[in-house]
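The entries follow in the order of reading.

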Amino acid sequence: MPGRYPDARAIDIPLSFQVYNSFSKKKETFEPLSEGVVRMYNCGPTVYSRVHIGNWRAFLFADLLRRWLEHEGYEVRQVMNVTDVGHLTDEVAGEGEDRLEAQARREGIDPWKIAENYTQQFLDDGQTLGCKEAMVYPRASDHIPQMVEMIKALEAKGHAYRAGENVYFDVKSFGAYGALSGNRVDELDAGARVQVNEEKKHPADFALWKSDEHHLMKWETDFGPHGFPGWHIECSAMARAHLGDQIDIHTGGEDNIFPHHECEIAQSECFTGERFATYWMHTKFLQVDGGKMSKSLGNVWNVDDVIERGYESRALRFALLRGHYRQPLNFSWDILTESTRALEGLDDLVNRLRRLTDAEDAGSERVEAASTAFRAAMNDDLNVPKAVAALFVLRSDVLEGSVKGESADAALALLERADGVLGVLRADESAAGGAADAEIDALVAARQAAREAKDWAAADAARDELNARGIVVEDTSDGGTAWFRK
Ligand SMILES: [Zn+2]
């Protein structure tokens with residue numbers, strides 16, 4: 001069908017990966033610090049409760065990004081931390097309840113056990129959702145010495161000060177504080193709704209180390225006998241321990257921008273004197289049924305909730321990845337149903353193509369256009385909606401019979417590459433109905449034989465049987481037949 005595609009050569013193909021950098025607030029051409037290697041740090045879960053699907057939007061994005069970078073030939077060193085120490089609900093104020101410990105009190109068990117259980121659950125959910133395993137999932141509790149080392153050095157350089165057994169970061173000592181979030185120190189001062197903490201020099205100063213003898217998770221250090229780290233220093237120390245002083249990409253949810261990532265930048269850059277991360281990438285929130293997820297509304301869904309409702313985990317993965325990561329995404333059970341249908345459409349495309357590879361070649365330009373469109377979309381700051389749309393245009397071409405022979409093989413190769421990035425298609429032929437396909441092939445052959453023998457009753461009976469199984473048979477222009485699932 002002429003005109004459906006622009007000429008492949010006319011598509012504006014970003015020659016290399018374009019990344020929207022939350023720091024510069026614009027798209028930039030991705031260039032790693034070391035050729036061919038990407039050092040990536042993803043802010044991972046706080047394991048005081050089951051990770052919900054909103055959190056998974058950010059973690060699946062990290063997996064997608066890693067897979068795309070690998071597709072483009074990079075070696076990706078992916079580090080996703082696990083915050084198992086617990087952190088204050090309000091780090092800015094230095095007040096508030098430690099959520100991990102609060103959960104431990106609610107469940108009446110050891111906070112270490114809670115952290116361990118939810119960490120394992122998080123890793124299991126990641127497997128269920130098809131995430132590639134990160135190089136390492138560092139636990140904050142295993143990096144206390146590295147945090148203490150950084151805090152002491154920050155103090156020695158005049159970026160941190162002690163107040164009793166607490167240690168705070170002095171935000172006024174870092175001129176670039178606010179560069180990521182756009183917050184200004186003086187405005188934070190004026191607008192501070194937080195309870196004034198007399199210990200701090202400035203309301204925006206944040207805790208690097210806190211002391212509390214009642215805290216269940218605590219360490220004896222030079223700062224005092226029972227202290228624990230602030231949340232932000234955990235990530236600065238773990239990133240440095242596993243990736244070095246400078247990293248290429250740092251990701252997180254949009255709620256991490258301030259204060260968490262702003263504080264990470266301040267700590268890391270004051271410690272090393274160098275730029276911490278080149279690219280900052282943040283996923284937008286997941287809404288549920290048009291609003292916020294909340295315990296009171298009973299809509300804080302996790303992976304099991306979705307599977308218990310009869311959906312495949314891949315439908316959840318697809319639903320969470322299909323929208324562009326910088327656009328808000330509204331989750332509903334309808335989008336899971338719709339994602340399931342879309343995946344069945346892509347499975348069906350693979351099945352059809354497998355049947356078309358022996359035919360005379362046709363449609364190479366369409367496969368090439370789809371391939372180009374897919375890569376261009378992904379290179380454009382991971383535009384998954386556009387990339388998936390390219391696969392569905394290819395499906396239309398296949399349905400109308402325009403892609404056959406060697407081009408069908410090329411289309412299968414494209415789908416395999418695309419799925420290496422998306423991770424949602426059925427892995428093998430048997431899973432796509434291989435055993436049932438043999439029976440259908442037999443029925444199709446029986447119908448064809450009956451038609452050739454002009455036994456219309458038998459031909460109709462075979463067709464009815466196929467219809468009952470949801471199969472549509474089409475007579476092709478070259479006198480053969482093709483079938484597909486409705
Ligand atoms: Zn973090």
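**Salt bridges and cavities**

I looked up Glu400 and found it partly exposed, at 35% relative accessibility. The model I am reading is predicted. Glu400 forms a salt bridge with Arg366, with 3.1 Å between the closest N and O atoms. I placed Arg366 in helix 11 (residues 364-379) and Glu400 in the loop between helix 12 (384-399) and helix 13 (406-422), so the pair ties together parts 34 residues apart in sequence. Arg366 counts as buried, at 12% relative accessibility.

I then noted a network: Glu312, Arg314, Asp347 and Arg426 are joined by salt bridges that share partners. The count of salt bridges came to 31.

Next I took Asp304 and Arg50, whose side chains form a salt bridge at 3.1 Å, N to O. This pair links distant parts of the chain, 254 residues apart, with Asp304 in helix 8 (residues 303-308) and Arg50 in the loop between strand 3 (37-42) and helix 1. I recorded Asp304 as partly exposed at 32% relative accessibility and Arg50 as buried, with a relative accessible area of 17%.

The largest cavity holds about 60 Å³. Two elements, helix 1 (53-71) and helix 9 (313-322), each give two or more residues to its lining. Helix 1 gives the most, with 3 residues. I sorted the lining by class as 7 nonpolar, 3 polar and 1 charged residues; among them are Arg57, Phe61, Thr283 and His324.

Note on methods
Residues are numbered from 1 along each chain as its sequence is written. This is a predicted model: local features need pLDDT of at least 70, side-chain atom pairs count only at pLDDT 80 or more; totals for chains, interfaces and linings use all residues. Side-chain values use heavy atoms; hydrogens and water are left out. On a 1 Å grid over the protein atoms alone, a cavity is a set of points where a 1.4 Å probe fits but cannot get out, and a pocket is an open set with protein on both sides within 12 Å along at least five of seven lines; lining residues have an atom within 4 Å of a point. Grid points are joined across faces, edges and corners, and a volume is the space filled by probe spheres set on the points. Helices (H or I, at least four residues) and strands (E, at least two) are DSSP runs, numbered from the N terminus. Ala, Val, Leu, Ile, Met, Phe, Trp, Tyr, Cys and Pro count as nonpolar, Asp, Glu, Lys and Arg as charged, and the others, Gly among them, as polar. A salt bridge is a side-chain nitrogen of Lys or Arg within 4 Å of a carboxyl oxygen of Asp or Glu. Buried means under 20% relative accessible area, exposed over 50%, partly exposed in between (1.4 Å probe, protein chains only).
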